[in-house]
Amino acid sequence: MNRRVRRKTLQAKGNVTEAVTKGPVNEVEAVVCLAKEEREVDWSSLPDDTVVALFSLLNYRDRASLASVCRTWRFLGSLSCLWTSLDIRAHNLDSTTASSLAKRCSKLRSIRFRGASAGNVVINLEAKELREMNADGCRDLTDASLSMLAARHQRLESLQLGPDFCEKITSDAIRVVALCCPRLKRLRLSGLRDVDGVAIGALVEHCRDLSELGFFDCMNVDETALGNAASLRFLSVAGSRNIKWTAASQLWVSLPNLVALDVSRTDVTPDAAFRLLFSESLKVLCALNCGSLDAGVFLAYNSKTKVLLARFTDIVKGIATLSQDSHSAPNLSGMKRINHYNNTSNNNSKISNVRNSRIGDNKSSEVKEWLEWVLSHALLRIAESSTPGLDSFWLKQGTPILLNLLGSLQEDVQERAATALATFVVIDDETATVDPARAEAVMHGGGIGFLLDLAKSRREGVQSEAAKAIANLSVNADVAKAVAMEGGISILAALARSPNRWVAEEAAGGLWNLSVGEEHKGAIAEAGGIRALVDLVFKWPSGGEGVLQERAAGALANLAADDKCSMEVAMAGGVHALVMLARFNKHEGVQEQAARALANLAAHGDSNGNNAAVGQEVGALEALVHLTGSHHEGVRQEAAGALWNLSFDDRNREAIAEAGGVEALVTLAQNCGNASQGLQERAAGALWGLSVSEANSIAIGQGGGVSPLIALARSDVEDVHETAAGALWNLAFNAGNAWRIVEEGGVPALVHLCSSSGSKMARFMAALALAYMFDGSAPKTGSLEAARRMAMRHIEAFVQTFSDQQCLSVAATSWAPAALAQVAEAARIHEAGHLRCSGAEVGRFVVMLRNGSTVLKSCAAFALLQFTMPGGRHAMHHASLLHKAVAGRVLRAAAAAATAPLQAKVFARIVLRNLEHYPAEAM
């Protein structure tokens, strides 16, 4: 706002006008004056009409919160005119709460609820003026409950139960509905086993204004009785079976008022469909996904006055034709406002534009609403069925139609369209695989912007389904970028703070999928997503089949993999939240993601203090040790991975052992022979981490850990045998364990790794393990001699693979820095720079330099070269240990020894050069 506008605004305030006119007021002073003036507004003095209008813009939850401001607002917020519709699907109301709401519901006209138990509670609202009842999740709703609902709400005009199957509802309850609700105009029921002629006859007889009937996915429907429903304008039997289509077509074609018929997903015959199209009154026949229909049969019908909606017809064009002729179709032809295959950045039109463009009389509005409803229902059911061979249909017709249905004036149509978009893009639930072509068709059709607009709606049901669609689409990396570019991350972070559990759950799923991309993690943190996810865990630590907790923990696990975000997770209380899930939540998916998140938090080593913080959290280590015994492989894998990372901290390592970690991990290693590669790697890795401690190493050996580690060392998978080699290297430091490795047949396994593994690290650690076993520390017996000779031969061959004789000769002749650097670079194993040795281990290599075996001298010099190379993570630590051990003299002696192998002399000289980078005085 420029200065002129600010002054004009101030002049509107009476007590500031004089200050403005007397002289110039700078911009800051103007803003301060205005802010001060605004703070002095007495909100309680607002007119009642204004407050009521304000309340009407809020959902009922926010309305109830605002009503707590003062007595006046509490009275105004309770006015029955504000409570004409109610959606309690996200709430578990009891009879007491429902009774307390009864005073506000005297004029309640519409209600949506979920589940049979909620249906029983609705009766206590005493909403005698109720006109519309919409329920889902009613598999357990019985005849008695439905009959009671009908008897208490006799002015019902619309009753809808579905899309979940109402398997316990029978024709008896339909007869009661017909008797109790004579004003009924619309009845939609899903999944009934049998709808007999008596029930339909009762509806025809008692509900004289009945204009719409929908029996979806029913086992049996009496087609003969439907032929007597003369008042019907709209009829749907989509998904219903056992209909005698010859008789049905002959009877229904005579219905005088029937305008639209839905036979989608049925086995309607071509002859029956063709006959129905010649009905005098029928304008629309919806026959989506009817396998028996063929395009060739319908070439003769009059497409100018009739519309056939089928996979083989141009649905959008057909509806556009009907709209032009009768002005009675929904504005799906309004897709002209969208270029469906242009980039969404060029599409700034809003959903409201579609709504505003829809005009027509009452009858055309009814047809429009019905068409939107059946299309959204049919497309959702088709998407849920994952019918093969529909790629072309989804890309050319299904996607554009669903995108336009997002702009419907009917909330349940918007919800189903969003749900269908969320469903049809997923081609494999188990692996969360999304079809890239379908996801990108939604993106290029402007769907991301539409869904984000719906996600900002104040209607929580729409928010939930829009967030679900965004979450599923965001599995595709390109779509995830589009979501981020259009502000989706901040929207999802805000929805994650919703008091509605469903909304928060879907938003958490969206953040989980988006957090896979490294480029989105910082944006999620900046939008407050980390705090929102942690708060979700505290708000809803259990219940709901664990879906919300699993998604929140999964998102935090992805975010914790980033160093900066991991610190924010910890600062937000994430460690405590995740440990709480690992300890007390019984859902395996939640346990798996909580353990993975703790593993990632502990994976940053020295860069932050999260590793120690996790270990210090009460019950954390005990919970992870317990989870290694889970029946779920994913839980065992992530728990072992967390213990592996945590074992890098000295205190955690000992605490894990005290919590029974050694025994648990040995058992895990013993039982993972046929498990996944990830579990095998983590089981061996956790034992590797614990075995750094000599006490733990001895306990692992005595507890039976040697044999399973040898078995894992025989694996063909590099990651598995590499970690197993690391564990065996640590175990071999102890003489008793070295003997066990020999007895258990470990020498051939290590020799094979030393010579054949594709991993340099696996070969290196196998060679070191063999060197420990045969450097003279273990007991000497005649039976070991053959094994010793085999081990020495392969250690020597391993070291020689890193030794170019010509370069070694040049370096030994001149000792020039450049020549030594060339040898060092050729011999270097970069991953070895991450290994950290104790003082005892470094001292043992120094002793090996004095060993009479030339092979062991070369191996020891080669190992110390790796551990002291500048740039290595622990090079300074190792240099300090060598200085303390006064190893310089031994290294110089090795470098000058006339009888030492050439590579041992050169490697020893390189180690001396490395120590110069870390002088003892600077330590």
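Trainee: How are α48 and α51 oriented to each other, roughly parallel or roughly perpendicular?

Mentor: The model is a predicted one, and the description below should be read accordingly. Helix α48 spans residues 854-868 and helix α51 spans residues 902-916. Their axes come within 8 Å and cross at roughly 25 degrees. Angles under 35 degrees count as roughly parallel, and α48 and α51 are therefore roughly parallel to each other. The crossing of these two helices, α48 and α51, is left-handed. On the α48 side, the contact is made by K857, S858, A861, F862, L864, L865 and T868. These residues meet Q903, A904, F907, A908, I910, V911 and N914 of α51.

Helix α39 (residues 706-713) and helix α40 (residues 718-732) have axes that come within 8 Å and cross at roughly 140 degrees. The crossing of α39 and α40 is left-handed. From α39, the residues V706, L709, I710, L712 and A713 meet V720, H721, A724, A727, L728 and L731 in α40. The contact of α39 with α40 divides into 10 nonpolar residues, one polar and no charged.

An open sheet is formed by 10 strands in the order β1-β2-β3-β4-β5-β7-β9-β10-β11-β12, with parallel pairing. At its edges stand β1 (85-87) and β12 (307-309); each has a single partner strand, so one side of each is left without a neighbour in the sheet. From one strand to the next, the twist averages 5 degrees.

Strands β2 and β3 run parallel and are joined by five bridges, with R112 standing opposite N134 in β3. N134 in turn has Q160 in β4 as its bridge partner, and β3 and β4 pair in the parallel sense over four bridges. Strand β4 (residues 158-161) is joined to β5 by four bridges, and these two strands also run parallel. Here L159 stands opposite L187 in β5.

As for burial, four of the five residues of β3 are buried, so this strand is largely enclosed by the rest of the structure. Strand β5 (residues 186-190) is mostly covered, with four of its five residues buried. A helix also lies over this region: α19 (residues 411-424) lies across β1, β2 (110-114), β3 and β4, and runs at about 30 degrees to β2.

R139 is placed in the loop between β3 (132-136) and α9 (143-152). With a relative accessibility of 41%, R139 counts as partly exposed. Not counting residues up to four places away in sequence, R139 touches D164, F165, E167 and K168. R139 and S190 are 51 residues apart in sequence, and their C-alpha atoms are 9.8 Å apart in space.

How values were computed: Residues numbered from 1 in each chain as written. Predicted model: local features only at pLDDT ≥ 70, side-chain atom pairs only at ≥ 80, totals over all residues. Heavy atoms only, no water. Axes fitted to C-alpha atoms, helices over the stretch in contact; angles between N-to-C directions. Parallel < 35°, antiparallel > 145°, perpendicular 65-115°, else oblique. Left-handed = near helix turned anticlockwise from the far one by under 90°. Contact = heavy atoms within 4.5 Å. Buried < 20%, exposed > 50% of the residue type's maximum accessible area, 1.4 Å probe, protein only. Pairing = 2+ DSSP bridges. Nonpolar A, V, L, I, M, F, W, Y, C, P; charged D, E, K, R; others polar.
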